[in-house]
Amino acid sequence: MTQAKPAEKLNKFEKFKAAKDGLAVKDELEQFVEMGWEAIDKTDLEHRLKWLGIFYRPVTPGKFMLRLRTPSGVLSSLQLRTLGEIIQRYGDDGSADITTRQNIQLRGLRFEDMTDILKKLTAVELTSVQSGMDNVRNITGSPVAGIDGAELIDTRELVQQVQDMITNKGQGNYDFTNLPRKFNIALEGGRDNSVHAEINDIAFVPAYKDEVLGFNVLVGGFFSAKRCASAISMNAWVPPNEDVVEICRSILTVFRDNGSRANRQKSRLMWLIDEWGMEKFRAEVEKSFDKPLTPAAETDEIDWDKRDHLGVHAQKQEGLSYVGFHVPVGRLDADAMLEFARLAEVYGQSEIRLTVEQNVILPHVKTETLETLLQEPIAARFPLEPTPLVRSLVSCTGAQFCNFALVETKQRALKIAQELDAQLDIPDRVRMHWTGCPNSCGQPQVADIGFLGTKARKDGKTIEAVDVYMGGTIGKDAKLGERVEKSVPCEDLIPYLKTVMMEKFGATPKA
Ligand code: HEM
Ligand code: SF4
């Protein structure tokens, strides 16, 4: 038995979750659709529907966002085509975003079509269940799992098994639909920490223990408006088998039963680890795991700089390559999705991968057809070698669709990066991340330069501005960046960034 939490005052989210589990709306969806969204109870509409991945967007009332689950960012061409057809058929100005968790969010969907849309997802073995609010989010893995010559462990099947355990194979699983807070899990099988292990509540990184290859387990990484923490070792090593699934189940159970439900600013997993200390936390997980945990291997195998996978790369399979296409700030439309699906069938093996940099990889392209693929119009629209700042740009949704946003992000981020690329020669990649508010969905803390939306006063007017972060590093020994500047007006960003690029990143004005 886990120790009961001393009586604590539940926050308002806990109260509505206790009154009715979020997943309960699954059985009510048909009725909701008949009623029309305007008649749905406010808490069901604004919160519980997120247990099905359905997001009411106050910025665009009547046009809903649907967040999927795409484990490891792998999609079949049939799945991608289905998603493209959904936004083409049901979406009013439908579009889709690739997210920083290798996931897809569909936009512009009408509520009356939701039951049909979810049926279409099920028909191609996709699910959107438990993808929002206090649930385990899309589980990330290396986007080149199974095709990377330097890979240590192909994590795709394990990622799928962890998702299947948490969601009961996409049906929904009441065991894990009332966590104290959201929860992120990542499995890295390569050498370059492509998943940003450090920012996940549970991360598995490859490590040898007594010459057996498995994973060291890290826990507690998270971002929030008030605090950001890197994941730390829980002094446990697991072999790459069902123990991975079971340790996830154990950690989730301990978190579910003991995490704080009083203050939502203090309810992510790391707060429980802080409260208990690692020794007690590990002991409680071990009890739930029901067998002794193996202590962590002394070192892990993450020893590369993080790759971005753009361009053409040889696969470990002789004669095949993967091709990384740059999708500016992750925004896709139906045409692009249908075209990527077609190309995956013509040139590849009917498979598409998504990356946490919000880009698309087409794997399994035969070397002799590469040249023809690169002549396809898609390579002009989504270039293999974009200009340096655009190349590494990442952005959250921002004010176009998100009610939390204090600034517009995606289009502004792109325009600024393009303009700086046009004006400057920049010797190395500079990774810029944009996020529209302190929730930090766009992860400004992992960037070389991060921007976090805020408001400022200038000449007596309220204007859009950003706090600037610097110093985030990724790959081996990743570390989080810190805020270096407050409230830089967005309208002053180009001159501000020109100076930063020249002084800190060796940029020179273009001749
Ligand atoms: C209280 C804290 C947070 C709230 C209320 C929140 C809310 C939201 C909302 C409403 C969206 C959907 C916006 C849209 O696309 O229409 C979103 C997207 C997203 N959030 Fe959060 N979020 C929070 C914190 C975080 C954190 C800490 C992370 C992880 C770093 C995160 C990761 C994401 C991701 C990956 C997306 C998808 C869009 C993208 O790639 O930017 N969120 N969040
Ligand atoms: S960071 Fe803020 S603006 Fe951006 S998606 Fe998250 S909640 Fe919305």
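Is Q102 buried or exposed, and how many other C-beta atoms lie within 10 Å? I looked this up before anything else, and I kept in mind that the model is predicted.

**Entry 1: Q102 and its loop**

I found that Q102 is buried, because 29 other C-beta atoms lie within 10 Å of its own and 20 or more are enough to count as buried. I then asked where Q102 sits, and I found it in the loop between β4 and β5. I also noted its backbone angle: phi of Q102 is near 55°, a positive value in a residue that is not glycine.

Strand β4 covers residues 95-98 and strand β5 covers residues 104-109; 4 bridges join them, and they run antiparallel. As a landmark, I marked S95, which stands opposite R107 in β5.

A reminder to myself: strands of a sheet pair through backbone hydrogen bonds, and the pairing may be parallel or antiparallel.

**Entry 2: another open sheet**

I traced another open sheet of 5 strands, ordered β3-β16-β17-β14-β13, and its pairing is antiparallel. From one strand to the next, I noted an average twist of 30°.

What packs on this sheet? I found helix α10 (residues 334-347), which touches β16 (351-354) and β17 (360-366). The direction of α10 makes about 20° with that of β17.

I followed one pair of strands in detail. Strand β14 (residues 320-325) is joined to β13 by 4 bridges, and the two run antiparallel. In this pair, H313 stands opposite Y322 in β14.

**Entry 3: S440**

S440 counts as buried because it has 22 C-beta neighbours inside 10 Å, where 20 or more are needed.

**Entry 4: two domains**

How is the protein divided? I wrote down domain 1 (12-289) and domain 2 (391-509). Taken over C-alpha atoms, their centres are 27 Å apart. The domains do touch: 17 residues of domain 1 are in contact with 18 residues of domain 2. On the side of domain 1 that touches domain 2, I listed 7 nonpolar, 5 polar and 5 charged residues.

**Entry 5: the ligands**

Why do I place ligand 1 between the domains? Domain 1 and domain 2 both give residues to the shell around ligand 1, so it lies between them. That shell has 19 residues, and the closest are T99, C396, T397, N439 and C441. By class, I sorted the shell into 8 nonpolar, 9 polar and 2 charged residues.

For ligand 2, I found 13 surrounding residues, the closest being C396, C402, G436, C437 and C441. Its shell divides into 6 nonpolar and 7 polar residues, with no charged ones.

Methods:
Residues are numbered from 1 along each chain as its sequence is written. Chains are lettered from A and ligands numbered from 1 in the order in which they are written. This is a predicted model: local features need pLDDT of at least 70, side-chain atom pairs count only at pLDDT 80 or more; totals for chains, interfaces and linings use all residues. A residue is near a molecule or strand if its C-beta atom, placed from the backbone, lies within 6 Å of it. Ala, Val, Leu, Ile, Met, Phe, Trp, Tyr, Cys and Pro count as nonpolar, Asp, Glu, Lys and Arg as charged, and the others, Gly among them, as polar. Two strands pair if DSSP finds at least two bridges between them. Axes are lines fitted to C-alpha atoms, for helices over the stretch in contact, and angles run from 0 to 180 degrees between N-to-C directions. Two residues are in contact if their C-beta atoms, placed from the backbone, lie within 7 Å. A residue is buried if 20 or more other C-beta atoms lie within 10 Å of its own, exposed if 12 or fewer, and partly exposed in between; C-beta atoms are placed from the backbone. Domain bounds come from an automatic or database domain assignment.
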